[in-house]
Amino acid sequence: MGSKFFDLHLADPGRIAGLVRGDQPDLVEQLQRRESPPDPRLEPAFALMARGTFVFLPKGREHPEGLLYSRAVEYLLVEFGERRWGIEFYPDEDEDALWQLAFGRCEAAWLDLPHADTGIATIGWRSPKTCGGLAWSLARRLADATFNPRYISAASLAEVIEALERGSSSEHGLFAIYQA
């Protein structure tokens, strides 16, 4: 059983949605001037965003450029987000709250991206309310020691709870990216 990874990003969903929906027609040029410009291979995805057509990508289906689109959104989260947590875990459906956090349905229609043909990376957004509920559930499991340490360590679980609590209290929610 090998570990997998997911990242949790605290970022203003309004700002990220604006970038994805095309609120900045000069997005490609702006990103290229940043201290850490994106990989040039992501430029077609950013060009779609700048034209306001990124949101019309096929939803919930596999697409040969699905990973490209996911990586472009990930870049925006890294560059414009407030905080990132990298979590190591082994995904198992028996750990329901963790499974829901990593793989649950995206709660932001504008972010429902096509899937990569590799199945990796998947991006979803969890609302502040969902974050609060998941934090409560996981905190209970941590306190009662009813989580499976084969799937996630107590320290990593505490980190997830911290991230969820921040996502809930900030009113931003959290973006979750399953990396594998």
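**View 1. Helices H5 and H6 cross in a left-handed sense.** Left-handed means that the near helix is turned anticlockwise from the far one by less than a right angle; clockwise would be right-handed. The model is predicted: local features need pLDDT of at least 70, side-chain atom pairs count only at pLDDT 80 or more, and totals for chains, interfaces and linings use all residues. Residues are numbered from 1 along each chain as its sequence is written, and side-chain values use heavy atoms, without hydrogens and water. Helices (H or I, at least four residues) and strands (E, at least two) are DSSP runs, numbered from the N terminus.

**View 2. H5 (residues 96–103) packs against H6 (residues 128–144).** Their axes lie 9 Å apart, at an angle of about 150°. Axes are lines fitted to C-alpha atoms, for helices over the stretch in contact; angles run from 0 to 180 degrees between N-to-C directions. H5 is therefore roughly antiparallel to H6 (an angle over 145 degrees). Ala97, Leu98, Gln100 and Leu101 of H5 meet Thr130, Leu134, Ser137 and Leu138 of H6. Contact means heavy atoms within 4.5 Å.

**View 3. Four strands form an open sheet.** The order is E3-E1-E6-E5, with antiparallel pairing. Strands pair if DSSP finds at least two bridges between them. At the edges, E3 (83–89) and E5 (122–126) each pair on one side only. The twist averages 20° from one strand to the next.

**View 4. E5 pairs with E6 (residues 174–178) over five bridges.** Gly124 has Ala176 of E6 as its bridge partner. H5 packs on the sheet and touches E1 (4–10), E3, E5 and E6. The direction of H5 makes about 110° with that of E5.

Definitions and conventions:
Parallel < 35°, antiparallel > 145°, perpendicular 65-115°, else oblique.
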